[in-house]
Amino acid sequence: MKRKGSIWGLVFVLLLAILSGCGGKKPAGSGSESGEPAGGDAKKEPVELSFWYGWTGTEAAALEKLIQKWNDIRPDIRVKGLSQSDYQKQLTAITGGNPPDIASNFGQDVVPWGERGAMMPLDDYIKKDNVDLGDFVPAALSSSQSDGKTYALPIAMHVSMLFYNKELLEKAGLNGPPETMGQLKEYIAKLSVKENGGKLQRLGLWPGVDAFTFSYAYGGSYYDAENKQVTPDNAGVKAAVEFGKGIWDQFGSKELDRFASGLGQYMSPQNPFFTGKYAMTIDGEWLPTFIKQYAPNLQYGIAPIPYDENNPSLKHPGNVTTSVFYIPKGVKHPDESWKFLKWLTEPEQMAEFTAAIGNLPTRTSLQQHEIYKDVPGFQEFLQYSSSPNLHSFPATSFSAEYMTEFTTQYNAILRGEVGVDEGLKRVKDKIQPLVK
Amino acid sequence: MGAAKLFRTKIFPHAMLILFAIFFLFPFVWLVFTSLKSSNEIFELPPRIIPESFQWGNYKAAFETVPFGRYMLNTLVICVVCIIGQLFAAPLVAYSISRIPWAGSKIIFAIVLATMILPSQVQLIPQYIIFAKLGWINTMLPLTIGAFFGAPFYIFLLRQFLLGVPKELSEAAKMDGASEFRIYAQIILPTLKPALATVALFTFVGAYTDFMGPLIYLNDAAKWTLTLGLQGFQQDHGAQWEKLMAASTIMAIPMILLYFFGQKYYMQSGSAFTGFK
Amino acid sequence: MIDSISGKTPSRKKGWTRREWRYFWLGLVFASPWIIGFLIFTVYPFFSSLYFSLTEYDLFNPPRWVGIDNYKAIMEDRSFYKSITNTLFMAFISVPITLFSSLLIAMLLNFKVRGINYYRTMFYLPAVIPGVASALLWTWMLNPDFGLVNMFLRWVGLPDPAWLLDPRFTKPSLVLMGLWGSGAGALIFLAALQGVPQTYYEAAQVDGANWWHRFWKITVPALSPIILFQLIMGLIGAFQIFTESYILAGGKAGSGSSLGGPGQSLLFYAVNLYQEAFIHLKMGYASALAWILFIIVMLITLLVLKTSKRWVYYGGE
């Protein structure tokens, strides 16, 4: 009994040691290490900022390079980066009162988070430091703004274009890419190949993708800000949904599932566009880099997204998504955080970072920058990113829920579980009550 | 008769084991082979199992991308602390609710079950706030402290084992005037050896493979664990699969070793008296 | 048990004997680690989620009381019904199958033959492969054209479904994957099998009982406390199933693609809850979902415990 008692005593001591040991580490970690500012700036302790971002791997390395550069020129404000692939961490930390000093996020989260007070409005700083917001691509900036407030600055953007396989188009006797939605429909019919008693061998264009892009091609709009109405039943949106549904029904769910099951991994030489299983595809500015890596012999072209032939003013439509930097509300050093954020989004840093990770810059002044000269496909995309018909999904406090519900119902419509009108009505019924 | 016995004791068991082993071994073999493929080969259709040539460089590349030594150390410290905590607390609590006739045992058992049934997602934020108030964010305390209070899963498991231990065992000791603690430590615990080995192994694997806990609570890359290191191989539009597979293989090794060498504790049938009516 | 759920304190009989008091204090001391942990770290999160369920709470602003509005809204939410149907499938199909296969494997691993410790290690291997790696593995195994599963099915002349791509077969795919992880459940059974006295089997053999007979008359009753454990934990786990669906069918959070896989066939209860809480920022609504689940699963658990009196044998009783 005594022996056992001493073992429990030991366990208890060990427990205490661990508790105190771990607890003790914390103050040492959060304070600055001794002998840090050797750079001669001995006037005051450097401010330490934590910077959480969602890029990982080599993309994170590109960002760390910039952080290093900043730390070299500004020893008084030390930035410490942390790569984290899941945004739930930021959400928890902000809610728990322990936010990072600067953070990255997806553009579509900005207004939902910002309007609820999780992000600091940057307008006073922007005004004070004369940051020229006019230099930003409007569709990219608008996703960070609501009610006259700017909650974040976009660092990078994505936009989709139409990729087509030149050989397959030639073989089908088609001259150049389709320009209008009507032509696109014909192209898809001509380029899709069925063999062996109706088994699909090749598809002109996968019909399930991206209703958002095609909505803008038809001049659609998801939200009427003036009348505070969500408009999933808007004529343009409906036309885009019907377009997708039209192609889907040419083949049917069963055959499309069967066809999809034989397709290879997206980021590999077996990507269906690389292997000719898709004759055309709608994809982003990173695809040419993958093609160079995985399918260097592919003869392909990049073309604008087709537009509604009845409405030529809608030429060069597209859906823009962004990555942004923001300052969470309640940070300890907002001035220093802003200085770093501002520096990161300056043309020089933006060019270096976006070129390294193969994203489009959000500043129009960078569209001619020579740093992108050697990035495959970037000339077409940079030019396209100045099109006035680019839109991003309307930034509202409920946009995440809106997009989820729309995508869900769109898929249900494609699979014939619900009619077009009924599906879009369901979206409206669910989302309209959220408008405030 | 001799042939029948040979069949029953040797041939049949081996045949069955081998048949099932193929099914269970295959994924691991596949993991190892994939970790030795080139990135272009991984997604070849139709897939081939054995790589054309073995790319040992994937392992070198994986080690260069992620500081394995440090992350492994961090992870193992957390695992060991959790095991100590769990082996201390879970059997004590289980003993209380299974072998001590007191008013609270049923209530505690019910609450233990209840805490497992409420989804953890809605408890995450309040839990984080408690740890933040205690100043424990960015330490390993939020990841380990729970073990010292006994995890509901193990309390329930050990309760089931303890209810199977015959009462006579402790009654006899009580007659001799042994205290409850002595009965617990010297008579009951030894009968639980296989169960406690299970608890230790599961605790280890649980802590070793936890992603959400370290992600939420560790803000300093120097304190990271292996699972957080793995996210370095995944990017927006895909992953560096060959390196990810190499890293996954390395990650699996400590768990395999622990299990292989831990078996002897596990299989000791020192509890031959555990019976049932 | 019923008393304890309704939250009544233990029926305090007037005048406990010395013996009762002694056991009371002993019980309290033994249970103290859990009680302390529960009071400090669990009570607040547990009950604050109940409070949140009666509020509108967006995580960034203080909760605003709305009464039972969240519960009313859930009753009209299509995703709720979809997710609960999907989840019930897993609870009632996957749990028994996995339970049975764990038991079978445990018995295999209990053979006393040469090299058994190597076999035991092999059977446990699937549990040590990280989630992302095993998700990729399964997309290979279940690839409709080239996957091993369909190769086998074609070879024996059975139909070869599109598995993860066909809404009708996504959940059976998860059941199949669960089978492969049953090595972990087998470990618990194996530990329990160590406590079954060999003499029982020998006696039964003398009586001429066959394998099947011995399984039902000796093994199953002896393991019944652990079967009960695995059944309840399996049910609780099935109702909270999340990671498998998130990895296999998840888009990136916030990218506008909805979680849940083809035709929302993998939209499980916890996936829907996660989406409401952390993507749609409706923690109040999500908390209400959590408490509805809590009540459903608690009732099922109590039902199982109630029936268990008829089929679980505790050696200590």
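Guide: A charge counts as sitting over a ring if NZ of Lys or CZ of Arg is within 6 Å of the ring centre and within 35 degrees of the ring normal. In this predicted model, A:Lys89 lies over the face of A:Trp52, 4.6 Å from the ring centre. Chain C has such an arrangement too: C:Lys171 lies over the face of C:Phe89, with 5.8 Å to the ring centre.

Rings also pair with one another. Over all chains, the structure holds 84 aromatic pairs. One of them joins A:Phe51 and A:Phe340, whose ring centres are 5.4 Å apart; their planes stand at 75 degrees, so the pair is edge-to-face, since over 60 degrees counts as edge-to-face. A:Phe51 belongs to strand 1 (residues 47-53) of chain A and A:Phe340 to helix 13 (residues 334-344) of chain A, so this pair ties together parts that are 289 residues apart in sequence. A:Phe51 has 0% relative accessibility and therefore counts as buried. A:Phe340 is buried as well, its relative accessible area being 0%.

Another edge-to-face pair is made by A:Phe393 and A:Tyr402, with 5.1 Å from centre to centre and 70 degrees between the planes. Both A:Phe393 and A:Tyr402 are buried. These two residues also belong to one aromatic cluster, together with A:Phe212, A:Tyr216, A:Tyr222, A:Tyr223, A:Phe398, A:Phe406 and A:Tyr410.

Terms used:
Residues are numbered from 1 along each chain as its sequence is written. Chains are lettered from A and ligands numbered from 1 in the order in which they are written. This is a predicted model: local features need pLDDT of at least 70, side-chain atom pairs count only at pLDDT 80 or more; totals for chains, interfaces and linings use all residues. Side-chain values use heavy atoms; hydrogens and water are left out. Rings of Phe, Tyr and Trp (its six-membered ring) pair if their centres lie within 6.5 Å; planes under 30 degrees apart count as stacked, over 60 as edge-to-face and the rest as tilted. Helices (H or I, at least four residues) and strands (E, at least two) are DSSP runs, numbered from the N terminus. Buried means under 20% relative accessible area, exposed over 50%, partly exposed in between (1.4 Å probe, protein chains only).
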